[in-house]
Structures are given as C-alpha cells and as structure tokens.
Amino acid sequence: NAIISSVRTVMGWVPAQWLPGGTPDPLIERRAAIGRQASRLDGPLKVAGEARFAAEVAMDRLCYAALVHSPVTRGRITRLDTGAAETAPGVILVMTHRTMPRIGTLPLIGITDLSAVGNSSIPIMLDAEIRYNGQVVAAVVAETQEQADHAASLIEIDYAIDAARTRFQDARPDARTPASLLMDKNHVSIGNAERELKRAPHRVDNMYRTPAQNHNAIELHAVTAAWEGDSLVLHDATQMIAPSAAALAKLFGLKREQVRVLSPFVGGGFGGKGLWDHQIVAIAAARLAGRPLRLMLSREGVYRMIGGRSPSEQRVAIGADAEGRFTALLHTGYSVMPPYGACPEPYTLGTRALYGARSFEIMQRHLDLDIVPNTFMRAPGEAIGSFAVESAIDELAHAMGVDPIALRLRNLPERHPISGAPFSQHALGQAYAEGAKRFGWDRRHAEPGTVREGEWRIGMGCATGSFPYARMPGANVRITLRGDGTAVIACSAQEMGMGTATVQAQHAADRLGLPLEAISVELGDSALPAAPMAGGSSQTASIAGAIAAAATKLAGELLRLAGNDSPIAGLRAGEVQLVEEGIASIADPTRRESYRSILARAAREAIAVTAAGSAPLEFLKFAMHSSSAIFCELRVSAVTGEVRVDRLLGSFDCGTILNPKTAASQFRGGMIMGLGLALMEETLFDERSGRIMNPSLADYHIPAHLDVPEIDVIWTGIPDPRSPLGARGIGEIGITGVAAAVANAVFNATGKRIRDLPITLDKLL
Ligand code: MOS
C-alpha cells in the first residue's frame, strides 16, 4: 500500500492520457471456478497437523537459540560477563556484539530496490550501543531450548544509562513532516480550510487518540536456519519470501542463488512478519555454531523486538453548509516514526479518498522516540484514521439532526477529491443501502440513550471503511501444462492462512480452461519464480496479473508447438483463447485443438512458461479503493460500563469476490481485529522507562470467542473493470471502519462520545 502509493506520487507528473488504463479482463465474463465456495487446499494438511511451520522443520544436529533483551532504553553496555552462560550445561556458544559477524544494516522498506525490506536500519548487535528498550544484546546457542533459555538468564550485563526520549508529548516540539516517499504527501492543502471551518454553519472539531498496539499472530516469529557450505537455507515465518532472500543475500555478501527462503505456511502475518533482527541473529549464530539452528521468539520477545502500530493523536474538523455538504475537511495529527523506522502509519489516506469537500487541510507529523520501530499492522493508517474521521462525521450528523448515512452519501464525490482521478468502480452508496436494509437500520432511534433493557442501554452505529487497491510490480509465475491435462502454477508467494493457493487455483482453472481439480499450486519457496511480498492487500491481484501474463505466453507456445497441421494453424496469439482444455479461435470456436493433442503430437510431456505481470499502471490513472459500510449493534451496562457487541454487519464493495468462503473469512477476521481495536487492544507503554508493560496475551487483550458476536458479511460483487479478474484487495479493508461503528453505537446507546481508544468500561462510567 505505502509502496504503491509512493510510486503514484513519483509518477504523479505523468499526464493521465499518457497512461494505459487497463481494459477489462475478459475472464470477468466467463467465470466458472472463480466465485465458487472452494475449500482451502491447505485445509486438510492443517487439520491433520501435517503442515510444517518454520519452527517445526526437523534437522539433524539442530541446536536452539535464546535471546537476551536490553532492559534499558538508551545507553551502552559497560560490562558483559558471559562466563557462567558459556559453561552452563549444553551451551555451544554465546554471541554478543563482540562476536557477531560484521555485516551491514538492512535497507529500509523502499521503492527503488525490491530487496530493501528492513523494518529498522539500526545496526543489529554490531556495537555496544542501546537504542531502545528490548533491543537484542546477546544470543545463547545450546543443545536444547531449555538449556539455551537457562544460560541466557546467567548472562550479566551492566549498562551506562543515557537520557532517552520516550514520551509522546515530549517529542512534539521536534515533530517532522517529511516529504515522504512512502506515502502520498504528508501535507495536502486545498483552499483555506481553517477559514471555511470558521464560516461553516455546522461544524465539529475534536481530538481523537489511539494507543500503540502490538502484533499477536498465533504463530510466534520463528526461523530454522541452516548453512550448507556457503549457501543458506532459511525456514522462516514470513510474508516476504523472495524479497527476504534478496535482502539476506546482500546483507551476508552472498549471490542471490545461494540463499533459499522457505515459508510454505505462516500462522498469521498482519504486517508484522517481515525481516527483523531475529532472522539476522539466527543466521549469524548458525554460521558461528556450524550447525542448523532454531530461534523462536517468546511471546514477550515479539513485543520487545517486533514493532507494532504507532499511537496517534488526530484532530478532525468538518465544516458543513446548511444542506450538510462539507465545506472544510481537516485531518491533522501526530504519530511515531523514528528516523530508523519504515512505517509512516498513513492515517489520513482514507480522508483523501472518501468524501468531497470545498477545502482540505491534511497534515501528518512524525515523532521521534527511542523505541523499537513501529511497523505495518493490518490496514496501516486506515484502521485508526477511519476511527477519527468516521466518528467525527457521526458527531456532525448528530449535531445537525440528520441521519449519519444520509450525511455520508450526500458527500460522496464524483471523482477522487484530491487527485481528481475517476474512480475505477465505486459503489459505496449501494453497499450502504444493502447493508442498512439487511441490518435493520430503520429501527435505530436517533436520540441517544433511549433504548433500554434492564441494566443495558442499547445502541446502533455505522461507519465507512476504505483501503486502497494495490498491485505490486515484480510478480512472476510459472505455468507448467502437462500432457495429462493438468497444470501446475508456481511462484514464491505467501500462504498466511488467507487461501492464496486456493484462489489462484480457481483463477488458473478459468484462465486455462481446465477443471479446478486439474490445477495444483506451489508456493512458499524463494527458489520458485519471484513473487512480491504479501502486503497492502495486493497479493491476489499481483499474482493474478502474472498468471494472466503467463497464460498469454502459454498460448503463444501452444500455437508454435501445434504447427501447421493443427486446426489452429496460422492463428496469432491475440486471436485465440484458452478454453475447454484446449486452445481455440475466438472468431471461429470450431477451430480448436486440445492441450493433450498438441502435446502428444509434439511428443512433449509438458511445457512450462514463466512470465511477469504487466506494470501495475491502472491505479495511476484511476482512483481504486475497496470500501465498506460497517454496522454495529451493542449494549452497554449502566452498572459496570462493559460493552457487549450483539451484532456486526459488513457490507463490502471490493470488486469481484473470487471465493465467497475465503473472502467471508478474511472480512470476518478483519472485523474481529477491528473489535479488538475498538474495545481492547492497547500496548501499555511506561513512558518513564520506555518499556512495554504488558508483553503477554494475559495482559494485552484481544477478542476471544465469547467477545465476538454473529458477524454478517455481504458484498456488492461488482467487478472492477481495471484490475485482473475485476478484483480488489480484501485483506485489510475488514478492520477499517469497525472502531468508529462501535464508538458511534456506544454514543447512540449512552450519549457518551468516546474519542480515545480502546473503549474500556472505565470510560463509560
Ligand atoms: Mo499488511 S499491514 O500490508 O500485512
């Protein structure tokens, strides 16, 4: 998302008429496997316990590592005594900054170099400096995990402590508004929004706060690293397989083909499973030990050394005329982004895309704190930005005495409000209409605090969610078509539980005119044709674009192979299509030959083609966004203040839905994470010491089954004429809008406006 939008910024000077728009994918018209409720191909393996995750790979002579984290925030190591640890039972070695191999630092996630995938540019265990609380300072390698853990506790370290900056408020005076390449501009000003706001007959102007949050994927971050001579094999839990391999090769001075990253299954990523210090430490320690090595972070370790979502403080002000049309839309604020981090938490992106206004003032300021760098976490920016804006609209609607849906629809723009680009497809109005009907929005009482059932006050709320479409450059796919009428799709893509293989098998079946059962998919290995990282809700479209390109190339190969004796002889690539297990003339479908026949005549067992997807130029010309209307009904106890969510409905407009089963699961998962954002998730950060105080699932709360109500999910399903298969992203949109829908329902139930997440019971008493 961030990468794509920065490409858009860089390309912004190109006149729109010079850019190819992308013509509708012909496959939208002839879907057969696409749209089916296919079950996940990886399901049986997972249910049977046969899917091997990164920390489960068996190896001969495997040893185990444990890490030591700095308990101080800034300073340096003055004494380091590893003697007791080194002589402890089972210990093979202790690695510290004294023995760590001299390597460079990771290039931060960027746009010019696809191997620039680091989340932090801080040197990894290369010096005695401490730069944040939790920084890894030593690794112990032993015969068993228990021996490594015990020995790690024996290491003695003294630190000289320097003053550290750890308070959000202290950093404000030095806030920066960088001309960021990693998102659209940090500052956008159209008209004089402050003046328009003052003049507006209706206005709201408030501050919204969201806390820091941490990543809590079920699978802990883990690697099993093995050196084979000068080649490295890394079993990793990662959402960036090929980009990691490229980055690691550079970092350790290896050729790209000397590094193989395998990650066939990942137990949740959400933006947190990128390249961090633990992979580098494990690889270096395995090298020193001369043995394969496993490092699995503890849950606390994930909090200490993997960044989470930045806290934010956001001002949203809206001015409206007598009819409710926005005359001023202001969204400014602060979030954390240390100079050595990569994620700008673009919470104003949605504000730029969703509603029209006569004037805009948008500004993001970054604060520099001494912390583990914050990072991408499901719907970076949009998840918390939508809380602020969609709460503010609800506040304005209440102040004006109008229905909040009507107010939103009145301000839907014809074109993208900032860039002026036409929308590729946009049916938020329809999503609202269908969602409201199904949810029973007409039963809502506009006056807050009027519906009661015993101690419970009941309310309804709604909000808009939004997330930009993205398709990554550098997606490659190999199609192997076999003489027995089956095909294999291969690329290094990531299967993190969302159904990557399943959906692309459905796609390939239709693209090649084969039955779904004839397709198999190989993923999760950097030795396969390189796919981009899974991020920014872009993976499906990225790989789909590459499969489409490979299918076109395959048609050319088949024509060549068919030769002059075939019914399709003389046809050109543009004149044929792949249908019904063969290749046929588009103009005259009776001119056709089956794959089996072509391959048999050519005495070939199989043919394989590899192709890259076209440059993702569609989003440069068109505004492309997935959007949603979220509805919530809940109860608030007048006695305890606790909130119980009774019903949640998401009505999504995300283009073609490729598989209703996997898509509904994605939407629901995102919405559940949105419930956590609204009601529970909060990293308790001790601003005095710079230390996270609740680094465990006992203290950091996420929704459990009993917290999650029935979640209803519907969609418009209207294909996007500008994207492969007509599909836009569905991975991150689910979380957006949910926190505001909950907060708005809490207001409707109680008359209390909570502008400070999470909405815990103390705030409602
Ligand atoms: Mo995502 S936060 O791009 O995994």
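Me: What are the numbering and the confidence limits here?
Reply: Residues are numbered from 1 along each chain as its sequence is written. The model is predicted, so local features need pLDDT of at least 70 and side-chain atom pairs count only at pLDDT 80 or more, while totals for chains, interfaces and linings use all residues.

Me: Why are H18 and H19 called oblique to each other?
Reply: The axes of H18 (residues 660-679) and H19 (residues 738-750), both helices being DSSP runs of H or I with at least four residues, come within 8 Å and cross at roughly 55 degrees. Angles under 35 degrees count as roughly parallel, over 145 as roughly antiparallel, 65 to 115 as roughly perpendicular and the rest as oblique, and H18 and H19 are therefore oblique.

Me: Which residues of H18 and H19 meet, and what is the make-up of that contact by class?
Reply: With contact taken as C-beta atoms, placed from the backbone, within 7 Å, Met671, Gly674, Leu675, Leu677, Ala678 and Leu679 in H18 meet Val738, Ala739, Val742 and Ala743 in H19. By class, this contact has nine nonpolar, one polar and no charged residues, where Ala, Val, Leu, Ile, Met, Phe, Trp, Tyr, Cys and Pro count as nonpolar, Asp, Glu, Lys and Arg as charged, and the others, Gly among them, as polar.

Me: What does Val742 touch beyond its sequence neighbours?
Reply: Leaving aside residues up to four places away in sequence, Val742 touches Gly461, Cys632, Leu634, Val645, Ala678, Leu679 and Ile759.

Me: Why is arginine 61 called exposed?
Reply: A residue is buried if 20 or more other C-beta atoms, placed from the backbone, lie within 10 Å of its own, exposed if 12 or fewer, and partly exposed in between. Arginine 61 has 11 other C-beta atoms within 10 Å and is therefore exposed; this residue lies in the loop between helix H2 (43-47) and strand E1 (63-69), strands being DSSP runs of E with at least two residues.

Me: How do you know whether alanine 379 is buried or exposed?
Reply: Alanine 379 has 34 C-beta neighbours inside 10 Å and so counts as buried. The loop that holds alanine 379 runs between strand E15 (359-367) and helix H11 (382-400).

Me: What is phi at arginine 61 and at alanine 379?
Reply: Phi of arginine 61 is near 60 degrees, a positive value in a residue other than glycine, and phi of alanine 379, also a residue other than glycine, has a positive value near 55 degrees.

Notes. Axes are lines fitted to C-alpha atoms, for helices over the stretch in contact, and angles run from 0 to 180 degrees between N-to-C directions. Two residues are in contact if their C-beta atoms, placed from the backbone, lie within 7 Å.
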